[in-house]
Amino acid sequence: MKLITAFGLAVAFAGTAIFAAPASADEFTPAQKQELGAFIKDYLVNNPDVLRAAIEALDKHDKQQADEERQKTVTSDAGALFSSKYQATIGNPSGTATLVEFFDYNCHFCKGALPDVTKLMKDDPNLKLVLKDYPVLGPGSVEAAKVASAVRNQLPGDKFWAFHTKLLATHGPVGKTEALAVARDLGLDMDKLAKDMQSPDVKTGLDEVMQLADALQINGTPTFVVGQDVVVGAVGYDQLKDKVDSVHKCGHATC
């Protein structure tokens, strides 16, 4: 940061030498502001490394701040993230490891990750899976999410898994029609489903997921949270299993 410091000293020197150091920026005359602006421009043009160093420092600061906010959310919002009444919880509710998945029923990569998640659930009786419906791929995704939210009233816990896997495995675009068809195939009470879809809890639950995603700076699906790690993308069975096994072992995704 020596170049940045030197630049700051140069500007300060310019302010004192050229303009007799006004007490505040408001005290600069238009002519002084114009002359100082020309000085700064010339300095940056002749010393581009100063600007490059400043941009790199800002980028590093932003990334560090983003990581800190993610970790804060994983800790402070643990209740909403891991144990919300608006989510689907599959597997062992008292498991020693929890895998949270933010997904969209129209997400191609979520469909691709389904066999990996299914195998994890089958192989690990000590795993708790939390499904966060994060409908970011258009109106159809939002409508499917609303149906899924209402379905959970009739298919709590592990019972919801049949609906989830069947709808996520659907070929082609998924929306309200496709979601209702799956619910009908599973023998749900369609009148109750239609009524439950109008419940304020549906919107509240989806809003909660959106807020969590914003806090975790999630912008795509699938995204997993395991331990205190945020894992973006369909990374495969082995990587997810390694992190889950580490959480079982030491409480963190990396021991």
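The largest cavity has a volume of about 60 Å³. A cavity is a set of points on a 1 Å grid over the protein atoms alone where a 1.4 Å probe fits but cannot get out, whereas a pocket is an open set with protein on both sides within 12 Å along at least five of seven lines. Grid points are joined across faces, edges and corners, and a volume is the space filled by probe spheres set on the points. The structure holds 1 cavity of 30 Å³ or more.

This is a predicted model, in which local features need pLDDT of at least 70 and side-chain atom pairs count only at pLDDT 80 or more, while totals for chains, interfaces and linings use all residues. Residues are numbered from 1 along each chain as its sequence is written, and side-chain values use heavy atoms, with hydrogens and water left out.

Lining residues have an atom within 4 Å of a point. For the largest cavity they include Leu131, Lys132 and Asp133, as well as Val202, Gly205, Leu206 and Val209. β3 (127-133) and α10 (200-215) each supply at least two residues of this lining; helices (H or I, at least four residues) and strands (E, at least two) are DSSP runs, numbered from the N terminus.

The largest pocket has about 170 Å³ of space. Among its lining residues are Lys85, Asn153, Asp196 and Ser199.

The loop between α10 and β4 (223-226) contains Pro222. The peptide bond from Thr221 to Pro222 is cis, with omega near -5 degrees. Gln217 also lies in the loop between α10 and β4, and has a positive phi of about 55 degrees although it is not a glycine. At 35% relative accessibility, Gln217 counts as partly exposed, that is, between buried (under 20% relative accessible area) and exposed (over 50%), with a 1.4 Å probe and protein chains only.

The axes of helix α6 (residues 139-151) and helix α8 (residues 176-185) come within 7 Å and cross at roughly 25 degrees. Axes are lines fitted to C-alpha atoms, for helices over the stretch in contact, and angles run from 0 to 180 degrees between N-to-C directions. α6 and α8 are therefore roughly parallel to each other, a term for angles under 35 degrees.

Key. Angles under 35 degrees count as roughly parallel, over 145 as roughly antiparallel, 65 to 115 as roughly perpendicular and the rest as oblique.
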